[in-house]
Amino acid sequence: MKCPACGHLDNKVIDSRLSEGGEATRRRRECVGCGRRYTTYERIEEAIPLIVKKDGRRESYDRRKLIQGLERACQKRPVSAEAREEVADAIERDLRESGEREIASSEIGEKVMVHLRELDQVAYVRFASVYRQFDDIGEFLDELQRLGQRVRTSERMRVAPPPSRPADLSPSRPPAPTDPVE
Ligand SMILES: [Zn+2]
């Protein structure tokens, strides 16, 4: 650690204690060069790993994208916004605790599927059937949009649709024309 006053690299720790409710260690240090005292905090690294896409590009994790992917998969399904946020929380916790610097986007997709399978079968199938083929949620959203259009077209062509379908696999409405993702 470089002394803020003189830039000397050697220092001695003169006091060390837990801080922030045990989340950090606070250390008082004294510069060996000039005697200046300063404080450092040591914390467990909790960064979310970088996302590695199929083509090798890296991008930083974006919770908004994850939430949007979950929203699309859960459209018209009995899955609350709170439940979707909890899925995102759980996945983020997983990512932080992995200690990895990088993680494949496909692994995040797999994690989403594990959670959706428990929450709602239809949302799970929607997500799994589309996501598996893609390397990020942006592509997944595009495909879901196309899929939704195809399904609605075929519904219109039917003369007499059945009164109810056991599972509605189609998204309920077309996504907004200007998609904020990507
Ligand atoms: Zn110094």
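Okay, let's start with Lys76, which is exposed (12 or fewer other C-beta atoms within 10 Å of its own, with C-beta atoms placed from the backbone), because 12 other C-beta atoms lie within 10 Å. Lys76 sits in the loop between α1 and α2. Its phi is positive, about 60 degrees, even though Lys76 is not a glycine.

Quick housekeeping: this is a predicted model, where local features need pLDDT of at least 70, side-chain atom pairs count only at pLDDT 80 or more, and totals for chains, interfaces and linings use all residues. Residues are numbered from 1 along each chain as its sequence is written.

Now the overall layout. The chain has five helices and six strands; these are DSSP runs numbered from the N terminus, H or I of at least four residues for helices and E of at least two for strands. In sequence order you get β-β-β-β-β-α-α-β-α-α-α. Of the 182 residues, 19% are buried, meaning 20 or more other C-beta atoms within 10 Å.

On to α3, residues 105-119. That's 15 residues, reaching 21 Å from first C-alpha to last, close to the 21 Å expected at 1.5 Å a residue (1.5 Å times one less than the number of residues). So which residues of α3 are buried? Ser105, Ile108, Gly109, Val112, His115, Leu116 and Leu119. They cover an arc of only 125 degrees around the axis, so they're on the same side of α3; the arc is taken from the directions from the helix axis to the C-beta atoms. Their cover includes β4 (50-52), α1 (63-73), α2 (81-98), β6 (102-104) and α4 (121-131).

Conventions: Contact = placed C-beta atoms within 7 Å.
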